[in-house]
Each structure stands twice: as structure tokens, then as C-alpha cells.
Amino acid sequence: MHNLGLSSQLAMLEKIKDILLAEVAPEAILIIDSTSKILYVNAAFEQLFGYTREEAIGSNISIIQSKELASAHVIGLNRYLKTGVKKLDWQSTRTRGLSKHKTDFPIEIRFSHVRVDGSDYFAAFIKDITGIVAQEKQISSQNEELKKKNQELDNFAYRVSHDLRAPLLSVLGLVNVYRLSDDREQQKSIINKIEKSVEKLDLFIKQIINLSKNERIEPTFQEVNMADLFHEVLEDLGYMDAFENIEKRVNVLVKAPLLIDGFRLKMICMNLISNAIRYHNQYVENPYVSLTTEQTDKNLHLKVTDNGIGMSKETREKIFDMYYRGSDRSSGSGLGMYIVKEMVTRLGGQITIESELGKGSSIEITVPLRLANP
């Protein structure tokens with residue numbers, strides 16, 4: 001009798017231990033029968049799904065499943081009971097859970113099956129993996145970005161070596177021609193060509209430096225007067241061919257200085273305006289480039305519009321690719337619009353393009369700013 005009493009006590013203690021362990025378990029636990037009726041839930045289940053025990057016990061497991069998953073659960077459970085075939089990994093399956101408040105979230109679930117007196121019971125151990133999924137998405141996004149950067153770096157290294165050597169070889173060739181010439185006019189022409197090659201090389205090197213700065217330096221806010229910035233940009237671009245023949249329309253609707261990243265904003269303007277000048281339409285009577293800037297809420301809107309040669313749909317889709325040249329008149333490095341896109345992205349802004357071949361282009365930049373005198 002004494003041994004029997006002890007055995008009963010041990011069995012009772014074992015059951016109490018199991019219950020206590022289930023109650024303090026960090027993961028949600030529920031037990032269902034072969035009809036998917038919930039027989040037991042622990043405290044973690046209540047916290048995760050928002051149902052009290054009174055609400056959950058006796059309900060169908062479908063209360064924590066979407067309609068699609070509930071249907072799939074019924075099919076899978078019936079198949080298992082009839083055939084013993086498991087289509088899911090019972091040790092670790094990812095799916096979606098549905099809370100009492102209809103919040104859908106990712107979960108990881110483990111299953112266990114036991115048969116008692118001819119009846120089937122199933123336990124599910126459920127863990128919220130919202131944080132894990134978010135981290136995985138972030139890592140995946142970072143990996144994709146790294147792949148993109150590595151591909152661009154490979155392409156960049158190849159193109160840089162080519163674009164640096166081409167002007168240098170041109171200069172060396174022109175120097176040799178100069179040495180063999182006694183004609184002053186020819187020598188003058190050669191010097192002009194050498195100057196053009198050096199200017200092209202200098203521009204390319206500046207673009208590489210700007211691209212490097214954009215990657216390395218965090219955005220910094222400083223007071224910028226948009227009228228002064230436009231004046232500086234136009235002054236710096238005064239060397240360009242046809243500059244004097246193109247009307248520059250400047251419309252600054254922002255009166256007070258703004259707190260914004262002046263370096264990046266100037267580089268964006270330089271590239272957009274130089275493109276508008278470079279790809280002007282020589283067959284229109286009054287070629288122009290229009291510069292408009294205004295402020296709405298905490299954003300700066302910058303629009304560069306022209307009546308130049310415009311862009312085809314194919315060009316618009318590829319214009320921000322590194323080294324893309326969209327016209328036979330392209331003599332630049334193919335980095336300009338890529339730099340614009342990268343800098344706008346770095347500033348947390350957006351860029352939109354409207355353009356039609358033969359009818360000009362309109363490019364609008366929207367970037368966040370701070371008021372200098374709020």
C-alpha cells in the first residue's frame with residue numbers, strides 16, 4: 001500500500017511538473033484533439049494571441065488561423081490521421097498566426113502527437129518570429145545591396161581604368177603630333193584639343209571624388225541660399241559649348257535660407273543643368289533650361305525643365321544606370337545621372353522624370369530639409 005501510494009504521488013508530481021513547465025514556458029502551447037478543438041492553452045498563448053483560456057478552450061484552432069491556413073490545416077490533419085503522411089516539418093514550420101484582434105504575424109511552430117485510449121491529441125509549440133523575420137529581411141536587403149555594390153564596383157574599376165587612360169592616350173598622341181608640326185595654326189588647334197582632353201579627364205576625376213564623398217560622408221545640414229546656389233552652378237558651367245545660346249530661366253520661390261546638404265544639392269544641380277545644356281535641341285528657335293525651386297512643408301522641390309532633345313522610354317528606364325549613355329551626343333562619363341540618383345537617395349529624397357523624344361524633359365527632385373528660421 002505504501003509503495004502504491006508513493007507511486008501515485010510520483011505520478012501526480014510528474015503531472016504537476018508538466019503543467020508548471022508548460023505554464024512558465026516562453027513559447028505558446030496549445031493542445032487540440034482530432035477535430036481541432038482546443039483542449040488546453042498556456043499563459044504564453046494568452047499573451048501571444050490575446051485570447052483568455054475561457055475564450056480559447058473549446059474553440060476550434062481556426063481562431064488563430066487565416067481562412068486559407070485553416071482550410072489547409074483541416075486537409076493536412078485528415079490526411080495525417082488516415083495515412084500518417086506529414087507534409088510539414090513537425091520540428092520547425094514557419095507560417096502565419098492570427099490574434100484575437102485580427103493581427104497577422106509570422107510564427108514558428110513545432111508539433112507533437114500522442115494517442116491515448118484510441119484518441120488522438122496534438123500539441124503545438126508556437127513562437128512569435130516577427131523580430132527574426134525583420135532581421136532576415138534586413139540581412140537579405142543588405143546582401144542584395146552588397147551584390148549590387150560589388151557588381152557596380154567591378155564595372156566601375158573597369159570603366160575607370162578605361163576612362164582615365166583614354167584622355168591620357170589622346171594627350172600623348174597630340175603631344176607627338178605637336179612635336180612634328182611647325183604650323184602655328186595646327187599647333188594652336190592641337191593645344192585646344194589637349195585642353196579639352198584634360199578638362200574631360202578633370203571632370204571625370206571630380207565625379208569619382210563626388211561619388212566617393214557621397215558614399216563616405218553622412219548628410220550635413222547647412223544654410224543654403226537657393227538663388228546663390230543657382231548662380232554658382234551656372235557660373236561653373238559657363239565653359240560648356242552652347243551655354244551662351246541657351247536661355248536660363250531661374251525661378252526661386254524660397255525666400256529664406258534653408259538648412260539642407262549644400263554639397264549634394266549643388267552636385268545634383270550641376271549634373272541636371274549640364275545635361276539640359278548638353279542635350280539642347282539645336283533646331284528649336286529658343287532653347288532654354290528652366291530652374292524652379294519651392295518649399296512645401298519640410299521638403300524642397302527642385303525642377304529642371306528644358307525643350308531639348310528629350311528621352312525615349314528606353315533611355316528613361318536606364319538613365320540612372322552607372323555608365324549609361326543615352327545619346328550619340330553623349331561625351332561624358334555616363335556617371336552624371338547615376339550620381340544624381342545616389343545623392344538623392346542618400347538625402348532620403350525622390351526623383352521623377354517626364355520626357356518625350358524631341359519634346360524636352362522635366363526632372364523633379366524632392367528632398368527633405370529643415371527651416372533655418374522656423
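Ala, Val, Leu, Ile, Met, Phe, Trp, Tyr, Cys and Pro count here as nonpolar, Asp, Glu, Lys and Arg as charged, and the others, Gly among them, as polar. By these classes, the lining of the second largest pocket has 19 nonpolar, 5 polar and 5 charged residues. The model is predicted: local features need pLDDT of at least 70 and side-chain atom pairs pLDDT 80 or more, while totals for chains, interfaces and linings use all residues. Residues are numbered from 1 along each chain as its sequence is written, and side-chain values use heavy atoms, without hydrogens and water.

**Second largest pocket**

- The volume of this pocket is about 610 Å³.
- Its lining comprises 29 residues, with Gln-65, Ala-72, His-73, Leu-88 and Phe-111 nearest the centre.
- Two or more lining residues come from each of strand E1 (28-33), helix H4 (67-83), strand E3 (93-98), strand E4 (104-116) and strand E5 (119-128).
- H4 contributes the most to this lining, with 8 residues.

**Packing of H7 and H8**

- The axes of helix H7 (residues 226-236) and helix H8 (residues 262-278) come within 10 Å and cross at roughly 50 degrees.
- H7 and H8 are therefore oblique to each other, since angles under 35 degrees count as roughly parallel, over 145 as roughly antiparallel, 65 to 115 as roughly perpendicular and the rest as oblique.
- On the H7 side, the contact (heavy atoms within 4.5 Å) is made by Met-226, Leu-229, Phe-230, Glu-232, Val-233, Leu-234 and Asp-236.
- H8 contributes Gly-262, Leu-265, Lys-266, Cys-269, Met-270 and Ile-273 to this contact.
- By class, the contact of H7 with H8 has 9 nonpolar, 1 polar and 3 charged residues.

Conventions
1 Å grid on protein atoms, 1.4 Å probe; cavity = no way out; pocket = protein on both sides within 12 Å on 5 of 7 lines; lining within 4 Å. Points joined across faces, edges and corners; volume = space filled by probe spheres on them. Helix = DSSP H or I, 4+ residues; strand = E, 2+ residues; numbered from the N terminus. Axes fitted to C-alpha atoms, helices over the stretch in contact; angles between N-to-C directions.
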